[in-house]
Amino acid sequence: MTKKLAITVSGAVSLGSFEAGVMYEIIRAIGEHNSALPENDPNRIEIDVLTGASAGGMTATICAQKLMFEASSLEGAYSNSLFAPWVAKVNIMDLLQERPGDSRSKSILSSQFVEEISRNYITARYASHLDPVRLKHAASANKIWLGLALANLNGVDYSHPILPNGKFIYTRFQDELIAEIDNISTDDTLEYWEALRNAAVSCGAFPFAFKPVTVLRSPREYLFPKPETPILESEAFCYTDGGTFQNEPLGLAKTLVDKLDPGHIDTADRYYLFVSPGEKKSVASTDFTAEKADFIPFTMQLISAIFNQGRFQDWVMADKVNAQIDLLNSRAKGLAVMLTGDSPDAKQLTKTLNDGTKNLLAALFGTSDGSQNEINKNRTRLRILFAEELSSLSANAKEALIDSILTLEKAANLADKDEMKILGITAKDTELASSDMFAFAGFFDLRYRKHDYDVGRKKAQVFLKDSACPLGKLNFTPETVDPIDESLNNMKLEGMPEKIREEICDRFGDRIKDTLQKAGLNTAVRFAVYNFVIKPKLRKFLKL
């Protein structure tokens with residue numbers, strides 16, 4: 001069976017350059033590997049799911065389009081459609097320059113510049129009236145599911161029934177946009193990709209740095225569960241950075257995998273790759289105490305706790321499900337040992353289990369024809385998953401083992417779940433140049449972004465060439481990576497160009513003054529508040 005790969009790209013701000021380097025190498029290596037193999041070769045690896053949050057949402061969207069329709073644009077280590085927007089084109093001077101459509105009261109940086117980049121690398125393909133040539137990449141599956149993590153500031157209401165005749169209303173702000181991309185004409189049009197481009201921009205609309213984005217949604221996107229208030233045919237919602245609620249959407253990747261493989265038949269050949277510039281590490285704050293909980297430090301700690309708790313929920317859920325499945329697998333293997341052989345104990349256990357599971361399965365699934373079909377479908381799935389354990393058993397013992405596993409699985413609500421084999425390519429802050437200033441520092445200088453892009457390439461090559469790589473031995477020749485300037489590792493704000501920091505200070509100052517004026521403060525008060533309170537703190541923050 002061909003190996004399947006679902007890739008999740010986390011939020012990263014300017015460290016999207018690192019993720020671009022990783023993705024370039026992953027796609028290139030898998031493409032070269034697959035090109036030497038026939039279709040359906042079990043050693044092939046196909047990318048069929050891409051999910052992203054914040055900066056990762058833009059990267060995932062670009063990758064999905066180029067993998068399916070524009071393979072040649074992913075060629076060239078320093079000219080491809082990931083390097084260009086994340087390294088070569090984006091920079092702080094353009095982000096600081098106001099453009100028509102920008103609003104000082106809505107964003108510090110130019111949202112219109114981000115719009116320009118997204119159009120250049122997503123919808124420019126449709127600039128002419130001619131149908132663009134389609135070329136699917138060798139690393140791509142025949143169909144790709146794209147998932148973007150979104151933060152809906154309006155919220156959508158849902159309800160839950162409360163006995164005997166009431167209901168509980170709750171509002172969900174965490175949102176998602178899902179698209180199924182196929183190599184057909186209706187998926188390769190300006191209309192189709194303009195909607196995805198706009199959603200990708202909203203996914204990366206970092207609060208205050210960029211203005212919120214309006215995204216039109218359809219009621220067909222909110223079927224399960226059904227909202228309490230009906231969604232209009234073209235409902236306009238206001239979105240900000242998708243990483244606000246789920247910065248690492250592994251759960252979304254799992255949801256899309258379940259759409260592709262609802263019977264969990266391909267679990268053994270399914271892998272999840274997590275791409276992030278930040279390694280998974282503790283965010284605990286052991287030095288915070290009740291005695292230190294004055295208003296400002298308490299507020300900052302509370303915001304940090306809420307943010308970090310929300311962004312790691314997918315990891316928590318994956319760990320919980322994997323632990324339950326590991327326990328079930330352990331029980332199944334132990335039971336298989338007990339059923340092996342022709343001893344009286346093994347025969348008696350086989351009979352007892354066969355008699356008992358028939359009633360238990362009827363109680364758990366029901367007795368209708370549809371229920372029996374579901375039982376048989378699950379039996380088929382389990383025979384594939386536990387083929388090794390079944391190989392040494394008699395026919396009756398095989399039946400007893402499968403029905404016992406199915407009974408345990410259904411009772412534990414694990415019948416529609418499978419283990420997630422999560423691989424990861426990450427880096428430490430000390431290896432990167434752009435981590436400072438909440439990861440905005442990379443926008444200051446092309447050298448920082450190029451450095452992190454090359455670090456990403458190196459990390460991916462090491463991962464793919466490792467003899468222990470779970471994806472197996474890939475047949476590819478790594479391209480040369482430019483020498484990495486180690487002096488840029490772990491760059492700090494004070495070591496970055498002072499002129500740029502002064503311009504940022506002035507731009508921040510303009511935005512703050514506008515806000516103070518809109519708040520109704522007179523000229524004298526605004527002058528005093530800004531110059532004697534805010535400006536000194538701002539300059540200190542920028543190390544000026």
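Student: Why does Glu-46 count as buried?

Tutor: Good place to start, and keep in mind that this is a predicted model. Glu-46 has a relative accessibility of 10%, and buried means under 20%, so Glu-46 counts as buried.

Student: Where is Glu-46, and what makes its link to Lys-4 a polar contact?

Tutor: Glu-46 sits in strand 2. The side chains of Glu-46 and Lys-4 are joined at 2.9 Å. The cut-off for a pair of N or O atoms is 3.5 Å, so the 2.9 Å pair qualifies as a polar contact. Glu-46 is also in contact with other residues beyond its neighbours within four places in sequence, including Thr-2, Leu-5 and Ser-140.

Student: Why is Pro-42 called partly exposed?

Tutor: Its relative accessible area is 46%. Buried would need a value under 20% and exposed one over 50%, so Pro-42, at 46%, is partly exposed. You will find Pro-42 in the loop between helix 1 (16-35) and strand 2 (45-53).

Student: Which residues does Pro-42 contact, leaving aside its neighbours within four places in sequence?

Tutor: Those are Met-1, Thr-2 and Lys-3. Take Thr-2: Pro-42 and Thr-2 are 40 residues apart in sequence, while their C-alpha atoms are 4.3 Å apart in space.

Student: Which peptide bond is cis?

Tutor: The one from Phe-224 to Pro-225, with omega near -10°. Pro-225 is in the loop between strand 5 (213-217) and strand 6 (235-240).

Student: How do you know that the radius of gyration of the chain agrees with a compact globule?

Tutor: For 544 residues, a compact globule would have a radius of gyration near 24 Å, and the chain has 27 Å, which agrees. Across the chain, 47% of the 544 residues count as buried. The secondary structure comes to 16 helices and 8 strands.

Note on methods: Residues numbered from 1 in each chain as written. Predicted model: local features only at pLDDT ≥ 70, side-chain atom pairs only at ≥ 80, totals over all residues. Heavy atoms only, no water. Helix = DSSP H or I, 4+ residues; strand = E, 2+ residues; numbered from the N terminus. Rg over C-alpha atoms; globule rule 2.2 N^0.38 Å. Buried < 20%, exposed > 50% of the residue type's maximum accessible area, 1.4 Å probe, protein only. Contact = heavy atoms within 4.5 Å. Polar contact = N/O pair within 3.5 Å; in protein donor to acceptor, adjacent residues only side chain to side chain.
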